[in-house]
Amino acid sequence: MKNRGYDNLGGKIYIEATDIDALCVDMTYTQLSLLGLSVRVIHGNSLTMETFNTWDSPNLQVAKMAGYFN
């Protein structure tokens, strides 16, 4: 996205990612949080809609307190 000129998307875009593999969830949360994006990463099964755990990035938490993404 940076190569296409999209910068500073932290408060402008909401990303939700779901994976059944805990290692993939950890890597996704870490990478997207370090990029400063507003992201919710869900450890769960998207086929059965089962959710084991959910993580909100720090930027998403701040954006929600500021009234974005309501």
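Glu50 is partly exposed, with a relative accessible area of 43%. The term partly exposed covers the range between buried (under 20% relative accessible area) and exposed (over 50%), using a 1.4 Å probe and protein chains only. Glu50 belongs to strand β3. Leaving out residues up to four places away in sequence, Glu50 touches Gly44 and Asn45. Contact here means heavy atoms within 4.5 Å. Glu50 and Asn3 are 47 residues apart along the chain, and their C-alpha atoms are separated by 35 Å.

A word on the model comes next. It is predicted, so local features need pLDDT of at least 70 and side-chain atom pairs count only at pLDDT 80 or more, while totals for chains, interfaces and linings use all residues. Residues are numbered from 1 along each chain as its sequence is written, and side-chain values use heavy atoms, with hydrogens and water left out.

Now take the chain as a whole. It has 70 residues, and 23% of them count as buried. The C-alpha trace spans about 35 × 30 × 20 Å along its principal axes. The secondary structure comes to 2 helices and 3 strands. Both kinds of element are DSSP runs numbered from the N terminus: helices are H or I with at least four residues, strands are E with at least two. Read from the N terminus on, the order is β-α-β-β-α. Among contacts with a separation of 6 or more, 45% join residues 24 or more positions apart.

The strands come next. The 3 strands form an open sheet in the order β1-β2-β3, with mixed pairing. Strands β1 and β3 (50–56) stand at the edges, each with a single partner strand, so one side of each is left without a neighbour in the sheet. Neighbouring strands are turned by 20 degrees against each other on average, direction ignored. Such angles run from 0 to 180 degrees between N-to-C directions, and the axes are lines fitted to C-alpha atoms, for helices over the stretch in contact.

Look at one pairing in detail. Strand β1 (residues 14–19) pairs with β2 in the parallel sense, over 6 bridges. Two strands count as paired if DSSP finds at least two bridges between them. Tyr14 stands opposite Ser38 in β2. Ala17 stands opposite Val41, also in β2.

The helices pack around this sheet. α1 touches β1, β2 and β3, and its direction makes about 180 degrees with that of β2. Together, β1, α1 and β2 make a right-handed β-α-β unit. Right-handed means that, with the strands pointing away from the viewer, the path from the first strand over the helix to the second runs clockwise. Helix α2 (residues 58–65) lies across β1, β2 and β3, running at about 115 degrees to β2.

Beyond four places in sequence, Val41 touches Ala17, Val25, Thr28, Tyr29, Asn53, Thr54 and Trp55.

Charged pairs complete the picture. How many salt bridges does the structure hold? There are 2 salt bridges. Each one needs a side-chain nitrogen of Lys or Arg within 4 Å of a carboxyl oxygen of Asp or Glu. In one of them, Asp56 pairs with Arg40, and the closest N and O atoms are 2.7 Å apart. Asp56 lies in strand β3 and Arg40 in strand β2, so the pair ties together parts that are 16 residues apart in sequence. Asp56 is buried, with a relative accessible area of 18%. Arg40 counts as partly exposed, at 22% relative accessibility.

Asp56 also forms a salt bridge with Lys64, where the closest N and O atoms are 3.1 Å apart. Shared partners join Arg40, Asp56 and Lys64 into one network. Lys64 lies in helix α2 and is partly exposed, at 34% relative accessible area. The C-alpha atoms of Lys64 and Ser38 are separated by 9.4 Å, although the two residues are 26 apart along the chain.
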